[in-house]
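Subject: Handing over the structure

Hi there,

Could you take a look at the structure below when you have a moment?

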Amino acid sequence: MMQDPDQSATSLVRGACPHDCPDTCALLTTVHNGVAIKVQGNPAHAHTDGVLCTKVSRYTERSYHPDRILQPLKRTGPKGSGQFAAVSWDEALTDIAARLQAIAARNPEAIVPYSYAGTMGLVQGESIAARFFHRLGASLLDRTICASAGGEGLVQTLGGKVGMKVEFFAESKLILIWGSNSIGSNLHFWRYVQQAKRDGARLVCIDPRKTETAEKCHEHIALRPGTDAALAFALMHELVQHDWLDHAYLAEHTLGWPALRERALEWPPERAAEVCGVTVEQIRALAQDYGQCFMNGQPAAIRLNYGMQRTRGGGNATRAVVSLPALIGAWRHRAGGVLMSSSGQFPLQRAALQRPDLLAGRQPRTVNMSTIGDALLDPVEPKIEALVVYNSNPVAVAPESGKVVQGFAREDLFTVVLEHFQTDTADYADYILPATTQLEHWDVHSSYGHTDALLNRPAIAPLGESKPNTQIFRELAVRMGFTEDCFNDSDESLCRAAYGDQVDFGALDEHGFATIPLPDAPFAAGQFPTPSGKCEFWSERLAAQGLDGLPDYLPNYEGAGISSDYPLAMISPPARNFLNSSFVNVTSLRAIEGEPVLEIHASDAQARGITTGAVVRVFNQRGTYRCKAKVSPRARAGVVNGMGIWWRKLGLDGSNVNQLTSQRLTDLGRAPTFYDCWVDVALDTPVQHATSGVA
Ligand SMILES: Nc1nc2c(c(=O)[nH]1)N[C@H]1C(S)=C(S)[C@@H](COP(=O)(O)OP(=O)(O)OC[C@H]3O[C@@H](n4cnc5c(=O)[nH]c(N)nc54)[C@H](O)[C@@H]3O)O[C@H]1N2
Ligand SMILES: Nc1nc2c(c(=O)[nH]1)N[C@H]1C(S)=C(S)[C@@H](COP(=O)(O)OP(=O)(O)OC[C@H]3O[C@@H](n4cnc5c(=O)[nH]c(N)nc54)[C@H](O)[C@@H]3O)O[C@H]1N2
Ligand SMILES: [Mo]
């Protein structure tokens with residue numbers, strides 16, 4: 001028999017990594033006989049440089065995982081039991097549409113879409129899905145779970161999610177890696193740092209945890225969680241005291257310097273050292289390094305990331321840190337300034353994708369995804385009656401899981417989950433609908449760590465009966481009686497619409513990526529996208545909301561000298577081989593991570609009789625979580641590191657770190673405070689001494 005030439009051919013398909021990571025890599029998938037056999041980094045894409053992280057190099061293992069959901073499933077057991085039976089697409093969609101219609105007839109706002117960044121794709125993220133919920137008049141979702149505190153801090157100070165180009169870190173002479181474990185979560189940025197280091201740059205890591213990144217920097221400042229603003233003010237204090245200031249830049253391109261200067265002068269290094277739990281010498285030396293860059297005309301750069309915004313004062317801390325470059329005029333250099341997120345630099349046509357006009361004048365309420373636990377248990381009308389979850393695993397990743405689980409377990413809640421796997425969230429679904437992976441669908445991407453747009457072509461046909469998110473919502477729209485033409489747009493045409501004529505689609509298609517043209521040193525001559533066009537130390541917009549116009553240090557809700565039954569601070573940063581809760585079920589990656597672990601400093605461990613490998617109870621007023629202790633120099637005294645984000649059902653006792661985190665929100669941006677969490681730790685069981693034949 002003749003083989004179909006297309007089927008027998010080996011081909012390379014250009015794609016994009018869909019995961020929630022600043023690197024947004026360009027992929028090359030090798031397809032043989034219709035099967036994806038290898039996923040590699042595209043060497044033609046400068047930021048990717050042919051290199052992938054361990055996780056995504058296992059992407060085929062994830063896509064062809066034996067546990068992939070390949071048929072629609074309907075719940076057969078009690079909520080949360082994980083018992084399902086396969087049903088046809090027609091049965092599932094017809095029933096779902098009927099249930100949603102019945103609720104919408106009473107009040108469409110009782111339906112809540114819940115989605116985040118399982119894929120960062122603009123098409124499989126928010127295109128047909130957004131149109132669907134807009135047309136329905138469902139509640140809107142406040143997408144705060146990751147970056148909105150820092151995002152708001154950036155917008156208020158620099159005017160948008162804007163900053164240095166990542167590639168120019170390679171030319172910096174001083175790099176502060178602030179609240180980020182780059183080697184674990186931003187590997188391709190780390191490559192630029194290595195280049196700078198070889199050229200003599202000094203590297204300083206500011207992080208409570210002694211991460212693999214901290215180990216490779218010249219200096220590690222292990223401050224207490226949530227004290228970054230205090231450190232930033234002390235640096236400003238020293239810059240003022242020594243007159244390491246670019247007065248011309250301050251005068252021409254900033255707003256509110258006299259007031260910020262006054263505030264900085266309240267923060268001598270002695271005061272900040274006390275608050276941050278670091279030495280005065282460390283603060284002075286860092287200020288000296290930063291100031292000397294200015295005095296010597298050398299570029300100083302800050303890679304600020306999300307670790308420092310997940311506490312009460314995260315928004316203000318971001319405002320304080322991103323103010324620093326203007327003091328020394330670091331923005332004059334293309335290798336100077338700060339980069340937190342680059343996502344505001346893409347000319348995206350969001351309205352064309354999401355069609356908010358389909359709301360037709362309605363203004364549905366907005367539900368904050370970070371407090372979904374409370375929202376589901378809230379009796380206030382309209383009570384949430386249906387949840388449609390896609391690209392997210394809230395039962396594992398949202399704070400205060402005790403309440404999240406209680407909410408998802410409500411018998412009167414109708415829940416639909418679009419997924420690849422039967423996650424902790426999918427266990428609570430009434431229907432699980434099988435979604436395609438990045439190998440199987442079209443998408444287009446922006447990035448929050450570089451400034452290239454990427455295109456993802458499908459490499460293989462959808463596995464089993466899985467369908468792209470877009471297609472699932474198209475078919476639901478038909479059953480809901482939504483007849484607007486926009487529900488017929490194909491995925492490929494949505495990919496084109498994402499950038500409209502702002503990016504040459506032909507070039508994007510040919511190479512798989514396209515660079516957004518932007519100036520190398522965006523704020524060398526001011527021109528910040530703020531209302532004043534200046535770097536706004538003083539924000540009139542915040543003042544108009546009755547908030548402090550200047551950044552300030554806001555102590556954590558939990559800890560910060562408040563006496564309590566829970567003397568340890570817990571942070572829960574990501575494990576290197578997982579991506580939030582994605583990949584936890586990929587056997588080879590879970591094998592590297594082993595078991596859920598709590599890193600604890602020797603002094604805190606000793607005081608509690610805890611040794612490495614012991615099962616411990618980590619607890620506070622919200623709950624208890626059991627995991628294995630690891631006595632480790634990675635933890636500073638007084639702070640434990642509960643490594644995230646395990647699937648609850650793959651942990652030791654069916655829970656994870658979010659059992660302990662709270663639903664309190666940040667100062668700006670309505671974001672969660674995952675790293676503002678007090679706990680205590682105790683041995684779970686008396687140490688069992690194995691009986692041995694030898695006395
Ligand atoms: N391997 C891997 N990569 C990832 C992810 C993942 O789960 N795994 N997640 C992705 C996502 S969703 C995001 S948002 C980005 C996040 O990107 P980053 O913010 O760079 O994430 P992390 O590497 O977790 O770095 C956070 C660091 O902040 C530290 N930290 C905690 N509290 C504080 C504090 O109060 N102050 C300071 N200065 N530091 C603090 C933590 O110890 C941790 O090392 O990474 C993405 N990349
Ligand atoms: N304690 C603690 N909690 C945290 C954090 C922390 O540092 N500590 N980090 C927080 C941060 S930064 C973030 S961003 C959130 C992340 O929260 P989420 O965005 O919910 O991230 P994931 O846990 O990776 O879950 C994404 C899910 O989407 C699914 N998925 C992927 N692609 C597709 C697709 O194309 N279609 C469909 N239908 N599904 C798809 C995946 O299988 C996966 O189960 O977690 C937050 N939670
Ligand atoms: Mo995130």
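Let's start with Glu419: an N or O atom in its side chain sits 2.5 Å from an oxygen atom of ligand 2. That is a polar contact, which is a pair of N or O atoms within 3.5 Å; within protein, one atom must be able to donate a hydrogen and the other to accept it, and residues adjacent in sequence count only if both atoms are side-chain atoms.

Before going further, a word on how to read everything here. This is a predicted model, where local features need pLDDT of at least 70 and side-chain atom pairs count only at pLDDT 80 or more, while totals for chains, interfaces and linings use all residues. Residues are numbered from 1 along each chain as its sequence is written, chains are lettered from A and ligands numbered from 1 in the order in which they are written, and side-chain values use heavy atoms, with hydrogens and water left out.

**Ligand 2**

A polar atom in the side chain of Ser572 is 2.9 Å from a nitrogen atom of ligand 2, and a backbone N or O atom of Leu579 is 3.3 Å from an oxygen atom of ligand 2. On its own, ligand 2 exposes 920 Å², and the protein buries 97% of that (accessible areas come from the Shrake-Rupley method with a 1.4 Å probe; for residues, only the protein chains shown count as cover).

There are 31 residues around ligand 2, and Arg62, Ser392, Glu419, Ser581 and Ser582 come nearest (a residue is near a molecule or strand if one of its heavy atoms lies within 4 Å of it). Sorted by class, this shell has twelve nonpolar, 15 polar and four charged residues. Here Ala, Val, Leu, Ile, Met, Phe, Trp, Tyr, Cys and Pro count as nonpolar, Asp, Glu, Lys and Arg as charged, and the others, Gly among them, as polar. Domain 1 (73-146 + 350-452 + 461-501) and domain 3 (568-692) each give at least three residues to the shell around ligand 2; the domain bounds come from an automatic or database domain assignment.

**Ligand 1**

Now for ligand 1. A polar side-chain atom of Asp207 is 2.5 Å from an oxygen atom of ligand 1, and one of Asn305 is 3.2 Å from an oxygen atom of ligand 1. The backbone takes part as well: an N or O atom of Arg576 lies 2.9 Å from a nitrogen atom of ligand 1. Of the 890 Å² of accessible area that ligand 1 has on its own, the protein covers 97%.

Ligand 1 is surrounded by 35 residues, the closest being Ser180, Ser185, Asp207, Asp228 and Phe578. Its shell has 18 nonpolar, ten polar and seven charged residues. Ligand 1 lies between domain 2 (149-340) and domain 3 (568-692), because both give residues to its shell.

**Aromatic pairs**

The model has 20 aromatic pairs. Rings of Phe, Tyr and Trp (its six-membered ring) pair if their centres lie within 6.5 Å; planes under 30 degrees apart count as stacked, over 60 as edge-to-face and the rest as tilted.

Phe133 and Tyr390 are stacked, at 6.3 Å centre to centre with 5° between the planes. Phe133 is in helix α6 (residues 128-136) and Tyr390 in strand β15 (residues 386-390), so this pair ties together parts that are 257 residues apart in sequence. Helices (H or I, at least four residues) and strands (E, at least two) are DSSP runs, numbered from the N terminus. Phe133 is buried at 5% relative accessibility, and Tyr390 is buried at 1%. Buried means under 20% relative accessible area, exposed over 50%, and partly exposed in between (1.4 Å probe, protein chains only).

Tyr306 and Tyr448 make an edge-to-face pair, 6.1 Å centre to centre with 70° between the planes. Both of these residues are buried. Phe132, Phe133, Tyr390, Phe473, Phe482 and Phe487 form one aromatic cluster.

Which value does phi take in Asp49? Phi of Asp49 is near 55°, a positive value in a residue other than glycine. Asp49 is partly exposed, with a relative accessible area of 39%. Glu400 also has a positive phi, of about 55°, although it is not a glycine, and Glu400 is buried at 13%.

Happy exploring!
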